[in-house]
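Hi,

Here is the model I promised to pass on.

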2 protein chains.
Amino acid sequence: MQRDKHIMSAFDRDLESIQAEVVRMGRLVETAITDATRALETSDEPLAEEVRRRDREIDQLEVQINESAARLIALRAPRATDLRLVLTVIKVASALERVGDYAKNMAKRTHLLAQMPTIPGAGLALRRMTEAVSALLRDALDSYVRRDATLAAEVRARDIEVDQMYNALFREFLTHMMEDPRNITACMHLHFIAKNVERMGDHATSIAEQVLYLVHGTLPEDPRPKSDSVAAVNLGGAD
Amino acid sequence: MQRDKHIMSAFDRDLESIQAEVVRMGRLVETAITDATRALETSDEPLAEEVRRRDREIDQLEVQINESAARLIALRAPRATDLRLVLTVIKVASALERVGDYAKNMAKRTHLLAQMPTIPGAGLALRRMTEAVSALLRDALDSYVRRDATLAAEVRARDIEVDQMYNALFREFLTHMMEDPRNITACMHLHFIAKNVERMGDHATSIAEQVLYLVHGTLPEDPRPKSDSVAAVNLGGAD
């Protein structure tokens, strides 16, 4: 899908510039995830506040990308594959905006959790999970920019690891709550965060699926590999 | 925005037929919410299974609407307002697909919760919450089809009631968990469901915001009224 720069059309140039905005949005979202996780782990409330503040920038970028995409369609009247490329930009930006929202929601709980009993191991487990999700998101965007169906398929397969991390954490939280009711409120909030991180992974997957759609022309037929077998659901599995 | 049928263009006809698909999708999603709630309240596992099965139909409709929208853009090359109308169809269908997913996830937990201790009042409180959300969604779609900015603004304002219902339920679940650790697992699952219902309300609001965008040309400037003040967050408030 990489076209020769020398024969790049006006459409290609416009699309590239919108894609550059998507990549910039992706970087902001990645930073939001990293910072929100660190803020939570170290009870760094100013950093959490910063994440919340910067989410407006991410939202603004989505609006801007949508407007650029609409302008591109209006101006160049793309057909077939080109049109699909533009519509995909809108989908990818929408997925990124949601991931940004989840990071913001994580940041929102920093102040609250700083005042509650620490749940041993939760900070580390959450950090590992967000690191896995960040890598997933980075690869999903990479596969998008390069139209790399192999990498996209790999992202889709790897999301199951995030689901498994979530399931393990869910069980841990249950144990802490049963052991000591004073842990209940903190665990409810941490569980929330874990669930939101798991959902970030779903959005990375949805970006990868858009890439597969661009390259192959159809969405994957097989249901996405998900850790939501009956066994997983019995453990409060991912959904 | 209602145009005279006699001077209806080919574009208008095509758009109307896609909007009819969106309305159909909306009805399926509403049924999914109602049935998932009833299945949960009455431990009706076959009905829950039916909701899960029918979610594929909703997903399929979204794909179909996206393809129709892309075809309409390619065929009629709409500009300005007309183009915005088509792009909005895609956003609305995407919101509906997510609401359908939440209903499916609710249905997934029916079997599980049927085997756990009943949490008094939870079924009724959840039903009231899903009824409020269904009404919100219906009005959001109505405001969309009629381009009724007044109704859309009202939907946006009413979402706060759903957030308040969620906050009240969150506190109730905490109490039940503290009182008896045997309630913990059931409350974790019920909390999940309540959160997903609250998110359905957010999607109804996002449809209403698209309507405001169509009518006024800009997204609402003021942050959406949300029950996420510090007080609400301290109670595990909506996000």
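Predicted model: local features only at pLDDT ≥ 70, side-chain atom pairs only at ≥ 80, totals over all residues.

Residues are numbered from 1 along each chain as its sequence is written, chains are lettered from A and ligands numbered from 1 in the order in which they are written, and side-chain values use heavy atoms, with hydrogens and water left out.

Chain A first. Its secondary structure is 8 helices and 0 strands, with helices being DSSP runs of H or I of at least four residues and strands runs of E of at least two, numbered from the N terminus. Of the 239 residues in chain A, 55% are buried (under 20% relative accessible area, with exposed meaning over 50% and partly exposed in between; 1.4 Å probe, protein chains only). If you take contacts (heavy atoms within 4.5 Å) between residues at least 6 apart in sequence, 83% of those in chain A join residues at least 24 apart.

Now the interface. Chain A and chain B each put 44 residues into the contact. About 3900 Å² is buried between them, 63% of it from carbon and sulfur atoms; that is the accessible area (1.4 Å probe) the two parts lose on being put together, summed over both.

How many salt bridges cross between chain A and chain B? The rule finds 2, taking a side-chain nitrogen of Lys or Arg within 4 Å of a carboxyl oxygen of Asp or Glu. Lys91(A) forms a salt bridge with Glu62(B), with the closest N and O atoms 3.5 Å apart.

On the chain A side, helices H2 (45–76), H3 (80–108), H6 (149–179), H7 (184–216) and H8 (230–234) each supply at least two residues that touch chain B. H7(A) gives the most, with 11 residues. By type, that side of chain A divides into 23 nonpolar, 10 polar and 11 charged residues (Ala, Val, Leu, Ile, Met, Phe, Trp, Tyr, Cys and Pro count as nonpolar, Asp, Glu, Lys and Arg as charged, and the others, Gly among them, as polar).

Asp148(B) counts as buried because its relative accessibility is 18%. Leaving out residues up to four places away in sequence, Asp148(B) touches Ser143(B) and Val211(B).

Cheers
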